[in-house]
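User: Pick one part of this model and take a close look at it for me, please. I'd like a connected walk through it, with the cut-offs spelled out as they come up.

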Amino acid sequence: MQYLRQAWTIAAKDLRSELRTKEALNASLSFALVILLLFSFAFDPTAEMTREISGGLLWLVFAFAGALLLNRSFARELENDCLDVLVTSPVPASALFLGKTLANWVLLLGIEMVCLPVFGVFYNVDWARQPLWLALVLLLATWGITVIGTMFSALTVNLRLRELMLPMLVYPMLIPCLMAAMQLTTALVAGQAPAGDQLAWLRMLVGFDIIFTALSVALVETVLIG
Amino acid sequence: MREKILYGLGAIAALLLARNIWVMLTGLPDEAFQGAIFRIIFFHVPAAFTCFLCFFVSLIASISYLKTGRMQWDSLAVSATEVGLAFGAANLISGMIWARIIWGIWWTWDWRLTSMLVCWLLYAGYLVLRRAVEEPAQRARLSAVLSILSFTVVPFVFFSIKWFRTQHPQPVLYGEGRMEAGYRAMLYGNWLPLLLIAVILVAVRMQQEKRLRELDALRREAHAF
Amino acid sequence: MTALAVEQVWKYYGDFPALRGISFEAEQGACVALLGRNGAGKTTLLRILAGLSKPSKGAVRVLGRDCLSAEVRRATGMLGHGIGIYDELSAYENLRLFAALYGHKDAHRAAMEWLERTGLERVRDGLVREFSRGMRQRLAVARAFLHKPSLLLLDEPFTALDDRAIALLQGLLRESLASGATIVMSTHQLREALELATHVALIVKGRLAHSGERTAEMLDDPGYLYRTYGEA
């Protein structure tokens, strides 16, 4: 109980300071919109074509936007040595990690909520034909991205070239998660409820989230306390 | 003593390799569909086995480092990863040569090729991370965590890419027939010399790592005080 | 009663021992001045005491408990080189955040009380980014003291502070000592630190060259310690 309260305090702190400065949020959101625009040059954006690759397109946008957001997650603690103070405080490293993951999750979901309608309008796609399933996929896959991303944000926080290191390490790690999200999203945007193979993808996504959340929670103290 | 053992192992590996190549060229007939080039499989497949064995050793060494804090484990982890990457590259390149001759293309997004490439990139990231950390204990700790995370994602990568590819139509390029016993024996028989080479390389790299640590300690001693 | 026990602490960076078998104890109410040249290992030792780093060998016990345990963390206050407060939060939000993290029952009251004590209640809702250096330092002092720590770890505390913050910090340190807290501070400014110190610990090349009570001659002649116990 106290553990959850501590994690929530950290998440609330991160959300409050990010919503106040909007540093990472603005950069990340405008980056996402720019990529969304750029994709229109990569292929012929007819409704048919777009629907076929909608999952891949959307999740690449989300993954790129996420990297910008996640880079700042632990880096923002370096100013004034706040990270040292948090680590010496009675908050367990894993609660600190979960709090930060939660904040990143909410922020990235927010960015996705802006990108989806923009995608729908620009590419003339009715994306909300399976709203509940789509919401579930967004929640699960975004958690996968943020849990891995926050872990690597902690891992690279004290390194030089941290901004370059994070995407290089995170993207290969995220391939299974992104692939599942892309498959599911493409089918959902086309209006098909998940069945058969799609359910297997969904199960894999859940497994990915559970395993990497558990592993990160177990290892984050080793990362933060040397 | 240590050197002599390594030279001895090297000699055994060379003899085994020479014998295997002799048998491959003279003893085994050309495969019916692929002709002479099929022999590349005797290096291609054992290289992949060796690669993943190395990554597994790196995982065990990384866990042991986090448990004990002994730098020898870190040396083993990085040495095994580097050697694993070398064998992974051997696997990819031999596969590409084979594909060029049999399929007429260097690369296809077949699930095995793609998965192998992703794993190779994952572990290449491990080496890049190491170069970015100055302090040896911190480097050991962070890269051990990365090694554990990377090994965990490998099965996910293989399964997801396999599912992804089997759902999509793709040219059926060859049937998956079971190999004849003679070929199979050679496949495993040729794994032994490659494994010996891997062991020698890891041992040499570990020795280098030890020297690097000693150098680093001396430099710190000189600078600190 | 022994408040802090450092037992044969070694810290390796790779094969290089930065700390080599450091042992000392401090009673409740003691103030230990950690002395030594740059790179001697003062900061490394302080980071271990603060639970930011683990010793390679040996142990640190605070009131009989391991220094990484939650109880000890709750009882430890730290003031390092950085001020450890958030620029994009207000003074009140900062203190409230840390009061909550340290498990204060009434975080709001603790924050208000410390804003008043440090003379910052007038600017309680101002963002720290807009504060002057002195105000930020006072806020940092409040952050370090607001959970009434019984072990205080200070890394070069007087170096960056202005007069008002020094006065505030010295007052709080005296008060803490009187109430039985233990202080460990690393320092260059020998006089300010030594006036407060009851004990000294001199680290030379990662080893403890001397530890014992602070004597009058150390105050009179700051070089005395280094000449007697350190290398020339």
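Analyst: Two strands count as paired if DSSP finds at least two bridges between them, and the elements themselves are DSSP runs numbered from the N terminus, with helices being H or I of at least four residues and strands E of at least two. Before going in, the bookkeeping: this is a predicted model, so local features need pLDDT of at least 70 and side-chain atom pairs count only at pLDDT 80 or more, while totals for chains, interfaces and linings use all residues. Residues are numbered from 1 along each chain as its sequence is written, and chains are lettered from A and ligands numbered from 1 in the order in which they are written.

Strand S9 (residues 199-204) and strand S10 (residues 207-213) of chain C run antiparallel and are joined by six bridges.

To locate S4(C) on screen, look for C:Lys57, which stands opposite C:Trp10.

Now for the part I'd pick: helix H3 (residues 91-101) of chain C. Ten of its eleven residues are buried, so H3(C) is largely enclosed by the rest of the structure. (Buried means 20 or more other C-beta atoms within 10 Å of the residue's own, exposed means 12 or fewer, and partly exposed is in between, with C-beta atoms placed from the backbone.) The buried set runs over C:Ala91, C:Glu93, C:Asn94, C:Leu95, C:Arg96, C:Leu97, C:Phe98, C:Ala99, C:Ala100 and C:Leu101. After H3(C) comes C:Gly103, with a positive phi near 80°. What lies over those buried residues? The cover includes helix H4 (107-117) and helix H5 (133-145) of chain C, together with H1 of chain A.

Chain A puts 20 residues in contact with 25 residues of chain C (contact means C-beta atoms, placed from the backbone, within 7 Å). On the chain A side, helix H1 (2-21) and helix H4 (82-88) each supply at least two residues, and H1(A) gives the largest share, seven residues. By class, that side of chain A has six nonpolar, eight polar and six charged residues. (Ala, Val, Leu, Ile, Met, Phe, Trp, Tyr, Cys and Pro count as nonpolar, Asp, Glu, Lys and Arg as charged, and the others, Gly among them, as polar.)

Within its own chain, H1(A) packs against helix H5 (residues 93-122) of chain A at about 45°, with the axes 7 Å apart. That makes the two helices oblique (under 35 degrees is roughly parallel, over 145 roughly antiparallel, 65 to 115 roughly perpendicular, and the rest oblique). The crossing of H1(A) with H5(A) is right-handed. Residues making this contact include A:Tyr3, A:Trp8 and A:Leu15 of H1(A), and A:Leu96, A:Gly99 and A:Val106 of H5(A). The contact of H1(A) with H5(A) has 13 nonpolar, three polar and three charged residues.

H5(A) in turn packs on helix H6 (residues 131-155) of chain A, at about 130° with axes 8 Å apart. These two are therefore oblique to each other as well. Among the residues that meet here are A:Phe97, A:Trp105 and A:Glu112 in H5(A) and A:Leu138, A:Trp143 and A:Ala154 in H6(A). Nine nonpolar, six polar and two charged residues make up the contact of H5(A) with H6(A).

Finally, chain A also meets chain B: 24 residues of chain A and 26 of chain B take part. H7(A) gives the largest share of the chain A side, ten residues. That side of chain A divides into 19 nonpolar, three polar and two charged residues. Chain B itself has seven helices and zero strands, and 30% of its 225 residues are buried.

Notes
Two residues are in contact if their C-beta atoms, placed from the backbone, lie within 7 Å. Axes are lines fitted to C-alpha atoms, for helices over the stretch in contact, and angles run from 0 to 180 degrees between N-to-C directions. A crossing is left-handed if the near helix is turned anticlockwise from the far one by less than a right angle, and right-handed if clockwise.
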